[in-house]
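The sequence and structure follow.

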Amino acid sequence: MSNSSVQFASGEFVPLEMHKVRVVQKLNLLPVEERVKSIEGAGCNTFLLQNKDVFLDMLTDSGTNAMSDQQVAAMSVADDAYAGSASYEKLYNTIVDILGTEYFLPVHQGRAAEHIISQAFVTKDGVVPMNFHFTTTKAHIEYAGGSIDELFTDEALKIKSNHPFKGNMDIDKLKAKIATVGKENVPYVRMEAGTNLIGGQPFSIANMREVREVCDTNDLLIVLDISLIAENIYFIKTREEEFKDADIKTIIRAMCDLADVIYFSGRKVSCTRGGGIATKSKEHYLRMRDMVPLFEGFLTYGGMSVREIEAMAVGLQEILDMNMISQSPQFIKYLVDDLDAAGIPVVTPAGGLGAHLDAKQFLPHVPQLEYSAGALAVALYIISGIRGMERGTISMDRDADGNDVASEVELLRLAMPRRVFTLSQVKYVADRVKWLYKNRDLVGGLEFYDEPKVLRFFVGRLKPNSDWTEKLVAKFREDFPEGL
Ligand code: F0G
């Protein structure tokens with residue numbers, strides 16, 4: 001039985017926690033006058049804030065999830081050995097059991113898997129079609145000499161939607177793309193579970209089966225990114241009729257059996273660190289294997305500590321529990337539905353990674369090239385201490401001619417790390433977003449004063465393009481004379 005079986009007599013939907021808190025970390029909530037100094041000192045970039053200055057860290061769900069007591073316990077029995085560690089054996093057996101693959105390569109995190117896969121398979125000028133890109137994926141494919149093409153459906157970028165599978169790939173576009181570029185120029189087709197950049201939106205097994213069919217016809221490989229598979233599986237179970245009575249492992253296998261190479265960031269899916277690459281094919285395995293000792297570490301640790309490896313093995317087993325995988329989607333739904341009901345532009349339906357505010361509608365008076373999603377991140381931090389992540393134009397890099405490229409979606413992501421926040425904290429987020437929406441006219445744009453060429457969103461520095469942050473602080477003080 002899962003928490004969805006618990007009904008509140010009031011009829012209200014409440015995301016009930018099926019765990020209790022046994023270890024806590026103290027939080028700070030600085031006064032608004034100090035928060036504005038912190039964010040301006042951090043180049044108006046939430047990546048550069050000090051965590052001690054952050055109240056609710058909703059930057060990412062990467063490496064910030066709560067571990068279970070079983071994971072922590074497993075870490076203390078880890079078998080420390082450079083080669084042949086028993087901890088690795090546990091992880092390997094778990095991978096075989098859950099994903100159904102025969103070969104496994106451990107790596108230090110998800111992008112290391114992307115590095116190795118791209119170096120092994122991407123050909124110069126090769127085009128990798130995908131349902132949607134992730135920043136590090138795109139960067140690694142381009143680093144290997146290829147490019148990406150996103151073949152999402154028309155529904156994917158609609159902010160308001162009730163489509164159950166916005167992460168689906170558009171099959172007609174896939175066929176057309178292969179015909180235009182020629183199958184010999186397609187190193188592989190990539191599917192990303194729980195499509196990160198469009199809001200943690202899932203794809204269906206039915207869609208992936210169609211992708212498989214097209215790939216079989218054209219003799220192409222499928223590379224599957226399962227960093228967010230747990231939440232995608234939750235949505236398949238709750239939304240795809242064929243799987244409503246299936247157990248979780250059956251659904252995971254249904255998805256993974258359709259792929260040739262599978263990889264993940266353990267920072268997400270297993271609530272640990274690390275990552276890995278799995279495949280059924282000896283040929284593919286051998287094509288990648290020798291890069292692990294070269295870039296990561298020996299084949300039985302791949303740059304991870306043995307403690308991480310133990311915790312990862314347990315964490316992967318835990319995604320077979322509906323109570324575990326429903327936590328984030330249900331908390332996100334609670335927040336998204338509340339904001340949506342208040343008329344705030346938020347991506348719907350709620351996805352599996354966080355709540356995504358649409359900066360184009362939230363701040364229609366701030367042009368995209370003045371980085372409206374980045375400005376929204378700054379404004380929300382100032383008025384709440386909540387740290388979100390810009391997923392818009394700042395997250396794009398300039399084109400080959402040095403022009404700034406307006407992103408298709410201009411979002412502020414408020415990630416929901418697994419099992420971390422309580423419901424009152426989520427209510428605080430909703431309250432402060434609503435206050436900001438009422439006062440949105442006060443928010444202005446940003447401009448770069450220090451701009452890296454690649455992945456500029458990580459360490460680039462910006463400043464407000466007027467005195468709008470001061471005005472926002474003044475209004476906050478007027479409304480909350482004593483409060484934080
Ligand atoms: N693939 C997906 C779908 C991801 O979301 C991430 C990371 C990666 C690959 C790369 O993995 O960070 O372990 O190297 N996403 C993080 C985020 C960074 O904040 O969404 P990594």
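Which domains give residues to the shell around the ligand, and where does it therefore lie? Domain 1 (5–61 + 324–479) and domain 2 (69–318) both contribute to this shell, so the ligand lies between them; the domain bounds come from an automatic or database domain assignment.

The model is predicted: local features need pLDDT of at least 70, side-chain atom pairs count only at pLDDT 80 or more, and totals for chains, interfaces and linings use all residues. Residues are numbered from 1 along each chain as its sequence is written, and side-chain values use heavy atoms, with hydrogens and water left out.

There are 17 residues around the ligand, and Thr 60, Arg 111, Asp 225, Ser 265 and Arg 413 come nearest (a residue counts as near if one of its heavy atoms lies within 4 Å). By class, the shell holds two nonpolar, eight polar and seven charged residues; Asp, Glu, Lys and Arg count as charged, Ala, Val, Leu, Ile, Met, Phe, Trp, Tyr, Cys and Pro as nonpolar, and the others, Gly among them, as polar.

| Residue | Protein atom | Distance to a ligand oxygen |
|---|---|---|
| Gln 109 | polar side-chain atom | 2.8 Å |
| Gly 110 | backbone N or O atom | 2.8 Å |
| Lys 268 | side-chain N or O atom | 2.8 Å |

The elements that give two or more residues to the shell are α4 (110–121) and α10 (266–269). The largest share, three residues, comes from α4. Helices here are DSSP runs (H or I, at least four residues), numbered from the N terminus.

Methods
A polar contact is a pair of N or O atoms within 3.5 Å; within protein, one must be able to donate a hydrogen and the other to accept it, and residues adjacent in sequence count only if both atoms are side-chain atoms.
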